[in-house]
Amino acid sequence: MTTATLPTRRDEAWRYADMDALARLGAGALDVWKEIALAPGEVRRHAMVVGSAAPELHRIRLDIGEGARAELFVTNAGSDYTRVEVEVRLARGAHFEFGGVTIGGAGVTREFVTQVVHAEPEATSNQTIRAVHWAGATGNFLGEIKVARHAQKTDAAQDFKGLLLEAGASANAVPQLEIFADDVKCAHGATVGALDEAARFYMMARGLDPQAAQRLLVQAFIGDAFVALEDEAERETLLDAAVAALEGAKL
Amino acid sequence: MLEITNLHASVGDKPILKGLTLSVPAGEIHAIMGPNGAGKSTLSNVLGGKPGYEVTAGSVTFRGEDLLALDPHERAAKGLFLGFQYPVEIPGVSNVQFLREALNSQRKARGEEPLSGGEFLKLAKEKAGLLKMDMEMLKRQVNVGFSGGEKKRAEMVQMGILDPAFAVLDETDSGLDIDALRIVGAGINAIMRSPDKAVLLITHYQRLLDVVAPDKVSILAGGRIVETGGPELALRLEAEGYDSVMA
């Protein structure tokens, strides 16, 4: 079955989306979900670089069984609209780890939209998102956390930081928490700022040129998103893709 | 080596340096002392090229070149080192990564070959040892979680690794206890006391000058050098205070 119509910006989950790019992509793209189920106790990790010269929509559904652990790490660095959606359902004692970076300029919108459902007790989730943008680009993170009535001892965390290299770029963070259990921990934080000029000057005073100083600072900034990624080669791949996108950025 | 002539500089609309003239030849350690608000930190920031400091008149020549025409990283590559009064914390970047990139950037700008990882670590270990700093500290993030004294020692390790021809040290002694002061002072002597190097040592107190004996001492007040003399000038200041010495 095909979804007949494209969503509109009145729909909360599509509020900051690039509707023109979505129209170019076509309504059919909305029907494509990657469904992944983790058996109890299973551990699975996936690292990916998304984005290209055409719009992309990646929709992923994760059903994480009891005591299982799913880790997803994404560098979102397309040169056209790129949206990654993840819907997660956590069973008892399961864990979901998400690290995401949106990076880029050229007026493009890049976004992560997550919905994490703590359906049973004692599950944990941790999401770390970093957005680095310039040249009128936008980075979005819409993060919904739902804690079911009996999902006691839930521990969910969400951390978003945006770094805007020049005026005109933007970052939107929309945390949305629906908590129906009473013995839970749900932490969320969102900040948006500019590059630390004191740090940049310090680095230049030691001999780093402006590009190198900016690259090191951006690397350090986005590094948080991939700290939990244990495979060094995969981490390098995601960081390299992000740093490569920085070429030509405003200094 | 460094010639400052009639330097005027402002921060925002506020003039701070008002005709500062100073010459520091190679081989000299020159102490700058002065009351709060005299312009000492402004002088070091102008020499380092910090954004926000506007030079409105005068000139600064470093090894025969117009220093003010260079960007901060170009000044560093030419051999200028700025020791920060408040070293900056850089989360997520290790000292080793930062300093290796900094050193190799400088070497590249001078047309020299970069140091390999192994060569760099050997150099870093030697300089850290000079300042009695554990290599483990250099593997940590730049200045993050360092005490005030550790930051100042780390600055001197950086100076040792980068091996500049000229160092401007802005209150490197502030925040140091007596033992750390001796270590830092000995570090300055070991790294910078040389016929082809020079130091501008900005300080409030005689106690650093007990360890790093200056060849010259100048008093900076009201944005100008008002008096220059030998080491005895610092002792007079310590004993009598600025008001009496400058009267």
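This is a predicted model: local features need pLDDT of at least 70, side-chain atom pairs count only at pLDDT 80 or more; totals for chains, interfaces and linings use all residues.
Start with chain B as a whole. Chain B holds ten helices and twelve strands. Its C-alpha atoms fill a box of roughly 55 × 40 × 35 Å along the principal axes. The radius of gyration of chain B is 18 Å, and a compact globule of 247 residues would have a value near 18 Å, so the two agree. Of the 247 residues in chain B, 45% are buried. Among contacts in chain B with a separation of 6 or more, 70% join residues 24 or more positions apart.

The largest nonpolar core has 136 residues. Take B:Val199 for a closer look. Leaving out residues up to four places away in sequence, B:Val199 touches B:Ile29, B:His30, B:Ala167, B:Leu169, B:Ile188 and B:Met192.

Now the contact between the chains. Here 22 residues of chain B are in contact with 16 residues of chain A. On the chain B side, four elements each supply at least two residues: helix H2 (72–77), strand E7 (90–94), helix H3 (95–109) and helix H6 (148–162). H3(B) brings the largest share, five residues. What is the make-up of this side of chain B by class? It has 13 nonpolar, six polar and three charged residues.

H6(B) also packs inside its own chain. Its partner is helix H7 of chain B, residues 178–192. Two packed helices are described by the angle between their axes and the distance between the axes. For H6(B) and H7(B), the angle is about 10° and the axes are 10 Å apart. That angle makes H6(B) roughly parallel to H7(B), because angles under 35 degrees count as such. From H6(B), the residues in this contact are B:Gly149, B:Lys152, B:Arg153, B:Met156, B:Met159 and B:Gly160. They meet B:Ala180, B:Ile183, B:Val184, B:Gly187, B:Ile188 and B:Ile191 in H7(B). The residues of this contact divide into seven nonpolar, three polar and two charged.

Helix H1 of chain B, residues 40–48, is mostly covered. Nine of its nine residues are buried. They run from B:Lys40, B:Ser41, B:Thr42, B:Leu43 and B:Ser44 to B:Asn45, B:Val46, B:Leu47 and B:Gly48. B:Gly49 follows H1(B), and its phi is positive, near 90°.

B:Asn6 has a positive phi of about 50°. B:Asn6 is found in strand E1 of chain B, residues 2–11. Is B:Asn6 buried or partly exposed? It has 13 other C-beta atoms within 10 Å, so B:Asn6 is partly exposed. B:Lys132 is another such residue, with phi near 55°. B:Lys132 sits in the loop between helix H4 (117–130) and helix H5 (135–139) of chain B. With 15 C-beta neighbours inside 10 Å, B:Lys132 counts as partly exposed.

Finish in chain A, on strand E2. A:Val43 is found in this strand, which spans residues 43–50. Why does A:Val43 count as exposed? It has 11 other C-beta atoms within 10 Å, and a residue is exposed if the count is 12 or fewer. Beyond residues up to four places away in sequence, A:Val43 touches A:Ala68 and A:Arg69. A:Glu71 lies 28 residues from A:Val43 along the chain, and their C-alpha atoms are separated by 8.1 Å. A:Arg45 also has its place in strand E2 of chain A. A:Arg45 counts as partly exposed, because it has 15 C-beta neighbours inside 10 Å. A:Arg45 and A:Thr124 are 79 residues apart in sequence. In space they are 16 Å apart, C-alpha to C-alpha.

Technical notes
Residues are numbered from 1 along each chain as its sequence is written. Chains are lettered from A and ligands numbered from 1 in the order in which they are written. A nonpolar core is a set of buried Ala, Val, Leu, Ile, Met, Phe, Trp, Tyr and Cys residues joined through C-beta atoms within 7 Å. A residue is buried if 20 or more other C-beta atoms lie within 10 Å of its own, exposed if 12 or fewer, and partly exposed in between; C-beta atoms are placed from the backbone. Two residues are in contact if their C-beta atoms, placed from the backbone, lie within 7 Å. Ala, Val, Leu, Ile, Met, Phe, Trp, Tyr, Cys and Pro count as nonpolar, Asp, Glu, Lys and Arg as charged, and the others, Gly among them, as polar. Axes are lines fitted to C-alpha atoms, for helices over the stretch in contact, and angles run from 0 to 180 degrees between N-to-C directions. Angles under 35 degrees count as roughly parallel, over 145 as roughly antiparallel, 65 to 115 as roughly perpendicular and the rest as oblique. The radius of gyration is taken over C-alpha atoms; the globule rule is 2.2 Å times the number of residues to the power 0.38.
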